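My entries follow in the order in which I made them.

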Amino acid sequence: MKEELKVNDKDIVVPGETIATGMSFLPGPGTYRYESNIVAQKLGMVSVDGKVIKLITLSGKYDPKVKDRVIGRVVDVLMTGWRFDINCPYSAVLNMKDAVSEFIPRGADLTQYFNISDYAIGMITNVTSQKLVDIATKGPGLRKLRGGRIISVSPKKVPRIIGKEGSMVTLIKEKTGCDIVVGQNGLVWISGEPHQEVVAVNTIKTIEQQAHLSGLTERVSEMLANGGSQ
Amino acid sequence: MTYTKRFDGRKFDETRPMIAKVGIIPRADGSAMFQAGDTIAYAAVYGPRDLHPKFMQNPSTGILRVHYNMMPFSGHGDRVRPGGGRRSKEICMVMQNALTPVLDLKDYPNAVVDVFIEFPQTDAGTRCAGLNAASMALADAGLTMKDLVCAIAAGRVEDKVVIDLNYLEDSHEDGCDIPMAILPSTGEVTLLQMDGEISAEMLSDALKLANNTAKQIYDVQKVALKEKFTQVKK
């Protein structure tokens, strides 16, 4: 059997499509070996890293991971904490002791800290095999969100919105003067001048649409220079 | 009796014209449309998401739930009774069984993936068109699948083996309809049903024909899934 790549780097492949033949290639995330071939297991973009073949997924739900910074919405007030919707198949629990730095006395009304439909930036502290998720809202950069607007984007496109070491989101922040927090779960909080918020929203939506294309930074800075239109 | 020419003028091994589109229902997590001749299927995927009722939850894996529905005006002039019936319940079950083997939902314990398949117009071969649409919609939703599912009906009309039967052939008094779902890369079969009678030789011919046609369907699905990303390019 000839050992070769059947597709180019950065090509889109569909489940069941053979990416490479021969045992010298290794299956990475999103691929599997069938006989001596490497076959795609998802709809995604091929990324060849030496002999390892990976797939970058372009769609799908958020998969909670420890130490991720996410934006959540309170859906329930419990006896000892709060339940958050973190835009994924499983809800997250915020315990009283991880919520605020001040002391919460026994029998206190928990709604004065977080009430239903409040938004907060949280850090995922634990995920069990049964996907019971714990979060904390106490720590650097973690807080309750007040004002601004929340938009939702595909969680798989979040790395593109943040950019290399935050370059893309910093660019939008500088050009629009908005405060922006991008949660790993695909929720984005934007707060600033109303018309600048709109510019930021449009820019982020464009990045989401074109996440799989290269030369994005140039197009985004061009777009921001035109006041948010392409 | 001999069947010399097909009712709609196709060759005996020729499918109806196929059209596939992906991402047509923006609010869904994944969606697709598949059309074979006058049969049109729309599939929308939601999830993985929280599963209720709770007794259906499986702590070791997520589950797949398929909903099949023919719209009231979708038939041949007679109104199709809305809502689920004995027929649609069976089709939901066989489609679920046809799609489950390609899906890996181990990462989603207690969750569910819902697939809704609707037919605005039908001309036989709905479970096959539905499966083709559903497997594209599941891939569009970013789920882990070892392959797509390609479904096609083979069969017999009088003395001829035919592929992709339309309603006239399907309801012909001397015939046989065999809907199949095939995984194109391995040739595994995940759905095989038969309505009517067929000889052993003709059955083996029909299965071979369906296997070859599955690859054509896979190409149509592949192009549709990739098109979603090439269209954005400017």
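**Pocket entries**

I looked up which elements line the second largest pocket: strand 7 (44–49), strand 8 (52–57) and helix 1 (158–162) of chain A, along with helix 4 of chain B, supply at least two residues each. I note that the model is a predicted one. Strand 8 of chain A gives the most to this lining, with four residues.

I then looked up the volume of the second largest pocket and found about 1,200 Å³. Its lining has 45 residues, and the closest to the centre are Leu55(A), Ile56(A), Thr57(A), Leu58(A) and Lys156(A). By class I wrote down 17 charged, 16 nonpolar and twelve polar residues for the lining.

**Interface entries**

Next I turned to where chain B meets chain A. I recorded 31 residues from chain B and 27 residues from chain A in the contact. The two chains bury about 2,500 Å² between them, with 58% of it on carbon and sulfur atoms.

I looked for salt bridges across this interface, and the rule finds two. One of them joins Lys226(B) to Glu17(A), with the closest N and O atoms 3.1 Å apart. For polar contacts I noted 15 residue pairs, both residues at pLDDT 80 or more.

On the side of chain B that touches chain A, strand 3 (39–50), helix 2 (126–140) and helix 4 (200–230) of chain B give two or more residues. Helix 4 of chain B gives the most, with five residues. My last entry is the class count for that side of chain B: 14 nonpolar, eleven charged and six polar residues.

Conventions:
Residues numbered from 1 in each chain as written. Chains lettered and ligands numbered in written order. Predicted model: local features only at pLDDT ≥ 70, side-chain atom pairs only at ≥ 80, totals over all residues. Heavy atoms only, no water. Contact = heavy atoms within 4.5 Å. Buried area = accessible area lost by both parts, 1.4 Å probe. Salt bridge = Lys/Arg side-chain N within 4 Å of Asp/Glu carboxyl O. Polar contact = N/O pair within 3.5 Å; in protein donor to acceptor, adjacent residues only side chain to side chain. Nonpolar A, V, L, I, M, F, W, Y, C, P; charged D, E, K, R; others polar. 1 Å grid on protein atoms, 1.4 Å probe; cavity = no way out; pocket = protein on both sides within 12 Å on 5 of 7 lines; lining within 4 Å. Points joined across faces, edges and corners; volume = space filled by probe spheres on them.
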